[in-house]
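Please look through the sequence and the model shown here. The paragraphs that follow take the chains one at a time.

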Amino acid sequence: MHSALNKNGDIVVPRESSLVWHDIPDEEFEKLDQSAKQSEVVLRKSKSYWQDAWSRFRKDPLAMAGLVVIVVITLAAIFGPIFSSYSYEDQNIANQNQSPSLEHWFGTDKFGRDIFVRTLYGARISLTIGFVAAGINLVIGVIYGGISGYFGGKIDMIMMRFVDILYGVPDLLYIILLMMFLGNTLESILIALSLTYWIGTARMVRSQVITLKFQEYTLAAKAIGSSNLRILFKHLIPNSMGPIIVTVTFLVPSAIFSEAFLSFLGIGIQVPMASWGTLVNDAIPSLFTQPYQMLFPAIAISITMFALNFIGDGLRDALDPRLKK
Amino acid sequence: MHLLQVQNLRTTFRIDAGQVQAVRGISFYVKKGESLGIVGESGSGKSVSMLSIMKLLPQNAELQADHVQFNGQDLNQIDQKEMRKMLGSEIGMIFQDPMSSLNPLLTIGDQIVEPIRIHQKISKEAARKKAIDILRIVEIPSPEKRLKQYPHEFSGGMRQRVMIAIAISCNPKLLIADEPTTALDVTIQAQILDLMHDLKNKMQTSIVMITHDLGVIANMCNRVLVMYGGTIVEEGTIREIFYQPKHPYTWGLIKSIPTVSTGKREKLIPIPGSPPDLIAPPKGCPFTARCEYAMKICEKIPPQQITLSETHRAACWLMHPKASGVAKEVTV
Amino acid sequence: MVASKEKLLEVRHLKKHFEMKKGLFASSKSVLKAVDDISFSINKGETFGLVGESGCGKTTVGRTILKLYEPTSGQILYKDTPIEGLLHKEMLPYRKKMQMIFQDPYASLDPRMTVGEIIADPLIVHSMYSGKERMDRVKELIELVGLQRDHLNRYPHEFSGGQRQRIGIARALAVEPEFLICDEPISALDVSIQAQVVNMLEELQEKFGLTYLFVSHDLSMVRHMSHKVGVMYLGSLVEYSEVDELYTNMQHPYTQALLSALPIADPDRAEQSERIHLQGDVPSPINPPSGCAFRTRCKFAMQVCSEEKPLLRDIGNSHMVACHLSNQ
């Protein structure tokens, strides 16, 4: 074995024989205190997955604008009507079909009802439908898709064929049938929308779970003795949460739109309650005489759609950075 | 005049958390016909330094070099397009994962014949003949039949042979192999290393072998660069590095691997701690935090490269005359 | 180190076959014999090294012992109790005794959990400790593997490979196991870090009297770690013995080739050493060669090798070899 430093004493005198080289004071060559050195340091600031995603989301101006718009609309829908002197059902024949003014910001309809207040009420209904329907679909989709994907085999086969059958029937058809059967209430719209919308979520969750269940951390969870349900809900679902949230975010606008569409057809919310769909529907006869009656609710729908879709896009980029170019 | 000469190369990556200084001012050369090993752990900058020279870095990378010369040509002056032409004709590359470097939708034949046609401007038939010859050189049995097959029909070792065939198809002057055997089993690794050894002797190609495996270095290379924390801490011939190492990191590398001849349970001597974070690299020597001989100066000023022989250089404060005695007892 | 000769784990004629679907129609199935009839035993406090190349079934052996895969046939005895047929609930007490360290420190830790949650997970599953005591135990474990308490609130991606592997070790040790399956625990790590982890495993073995099944492709690390070694090729054990006997008296041509293929990190010896060249690749385990599976790459192959599968035979010193050459 060879000595590291003094074998043949072959250290060639360094070229760097400048003053600096020799002027370094002796005490600089004392050994460092070993205990003072921190060998296991993790320097970077700790950031959880969600904090990290938020920091990416924040940098997306369109998504942030969308978020602000949705927050403003939601707040307005909750608190706006409280501060208004009108209510959504107060009819005032004397004030019918008034153009927008300081008194009535969005004008009044043919019964003299304040369209601004009715639009805010419409927002309540529409947003409620959007978020509640998305929430119900989230729960059903995650559980159904999770079980189907994790257990696989025959269970998966049967569960997925059932989904295929549901998917094969045009949803509008049985939504309309259901609405006629259950009556035109908020609850029945929610039930109708919840029956079919979860299919996409379930399929997405299933494919996520199938990829993740072969990851080594799933195996590690099995090795420590975790039960199947614990593995599914403690490890697999939380790790699929990114794509799940993205899918659900896109469900909100499509649920709002479906409701508006149903109301527009006249099988949605019943008078005197108003959703954006019914407001647009009500405004059709006076489209050429009082266009503002349709304009404001239509703008409300459009802005909300845009905002939610921007949020969805932003979330997708933030939660799944691989998809970003 | 060396085949490849690099002066003061720096590569930085911009990421969310800041600037990663992956390569921090390295200088080295590759002689004609030699094989140079670059050894270091992941994140030491060994792959990035070669990719920088080849201009194969992602968009978020920035690189600077005082001087990069290949075969008499100044690589600082040429753009990415010209570089692409040079890759595959004058410089061949072999990567760690042969599966992801082959296109699964094209036959092996298409992937070998095409580059030959493009770079050598010969007919399809002539290129096909040449491809068969090359497959024979890399010892792939029944090459005529193999040309019509797809990558998934090849085993890992065979795919790596195909990659080598593609890399040498235009008689490159320099072959860069980035961990070419890491993904392979030992018996297959031995086959590939032997093949590369034979090729080097037959074709007079220079090889740059990037690896973390000192065994591969000892078997394949003439000279070695030891990289740590984006810098070259020691360089020398393999005998200088294995038998007269001067840098504590090189000592650590050699001592931390067991040899088959070692009796059972002779305690391994690990290098404690983890490699430095190159977003905020240490001010002094990058190895200070893990070095058992670290001195006060090591934390403050990065050590200079000290020439020990014509081929042997090392950057460590222990070689300063005033540091004599700190690590005298060390033997490898 | 003195190891008592008490058998902790014994595997008898263990087989694990996977059914592979061929083509579109499930009717024509082929069988992948990942593990095909292997038997060995591990004494308490010792390390059994299992070596072989990728696809030889060594990882499957470890996973089948832990019943992460259902064994196709054969027996797994833990302290003389057969565990191969146990259901999830009945298996739980054994899961506490047998733990595993995984190969890939990047994939084996749940990226959404903090280090503290990861280490506490087995304690929750086995309802061990509660509240503050559980937290204390987690703190004790993180320090046991050389990391710090304030690392507990961080996420796995903030750690280096070696640090992550230590977190994996802390998780495995949480339930105070007796037996650890180390499935290539260092092959994904840098050389300078490998020795850290190996030394830690050795220290823990000494401290807690642990028994290891050390699965690896690295012959030199296996020699360093193990008391007994088994060499696998295509689902079968071809050679099996005490470590020193095996490395000084290699009998099977495959073991010899495997050792000689290992690049020696010493230029002088690398120059002198004569390599045994193995031709070709490992055959597919779906359709292995008849007789001795190694005969297609063996330069000593004889007529009998293609006709008859050689059985493990004791050639003295409890050195078992499965080769027709050793029978003569």
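What distance separates the centres of domain 1 of chain C and domain 2 of chain C, taken over C-alpha atoms? The separation of these two centres is 28 Å. The model is a predicted one, in which local features need pLDDT of at least 70 and side-chain atom pairs count only at pLDDT 80 or more, while totals for chains, interfaces and linings use all residues. Residues are numbered from 1 along each chain as its sequence is written, and chains are lettered from A and ligands numbered from 1 in the order in which they are written.

In chain C, domain 1 covers 7-20 + 31-233 and domain 2 covers 248-328; such bounds come from an automatic or database domain assignment. Ten residues from domain 1 of chain C and twelve residues from domain 2 of chain C make up the contact, where two residues are in contact if their C-beta atoms, placed from the backbone, lie within 7 Å. On the domain 1 side, β2 (29-43), α7 (219-225) and β9 (228-233) of chain C each supply at least two residues. Helices (H or I, at least four residues) and strands (E, at least two) are DSSP runs, numbered from the N terminus. The largest share of that side comes from β2(C), with three residues. Sorted by class, the side has six nonpolar, two polar and two charged residues. Here Ala, Val, Leu, Ile, Met, Phe, Trp, Tyr, Cys and Pro count as nonpolar, Asp, Glu, Lys and Arg as charged, and the others, Gly among them, as polar.

Chain C also holds an open sheet of eight strands with mixed pairing, in the order β6-β7-β8-β3-β9-β10-β12-β11. Two strands pair if DSSP finds at least two bridges between them. At the edges stand β6 (98-101) and β11 (313-314) of chain C, each with a single partner strand, so one side of each has no neighbour in the sheet. Within this order, β10 (residues 236-242) and β12 (residues 320-321) of chain C pair in the antiparallel sense over two bridges. E239(C) is placed opposite V321(C) in β12(C).

Chain B is likewise assigned domains: domain 1 (1-90 + 174-259 + 281-332) and domain 2 (96-169). The C-alpha centres of these domains of chain B are 30 Å apart. Between them, 15 residues of domain 1 of chain B are in contact with twelve residues of domain 2 of chain B. On the domain 1 side, β7 (174-178) and α7 (186-203) of chain B each give at least two residues, and α7(B) gives the most, with six residues. That side has nine nonpolar, four polar and two charged residues.

The helix α7(B) also packs against α6(B). Their axes come within 10 Å and cross at roughly 15°; axes are lines fitted to C-alpha atoms, for helices over the stretch in contact, and angles run from 0 to 180 degrees between N-to-C directions. The two helices are therefore roughly parallel, with angles under 35 degrees counted as roughly parallel, over 145 as roughly antiparallel, 65 to 115 as roughly perpendicular and the rest as oblique. In this contact, G156(B), G157(B), Q160(B), I164(B) and I168(B) of α6(B) meet I188(B), Q191(B), I192(B), L195(B), L199(B) and M203(B) of α7(B). By class, the contact has seven nonpolar, four polar and no charged residues.

Elsewhere in chain B, four strands form an open antiparallel sheet in the order β2-β1-β4-β5. Its edge strands, β2 (18-30) and β5 (73-74) of chain B, each pair on one side only. Nine bridges join β1 (residues 4-15) to β4 (residues 61-70) of chain B, and L9(B) is opposite A65(B) in β4(B). Across β1, β2 and β4 of chain B lies helix α1 (residues 46-53), running at about 105° to β1(B).

The contact between chains B and C takes 39 residues from chain B and 36 residues from chain C. On the chain B side, α7(B) again gives the most, with six residues.

In chain A, the axes of α7 (residues 186-212) and α9 (residues 228-265) come within 9 Å and cross at roughly 155°. These two helices of chain A are therefore roughly antiparallel to each other.
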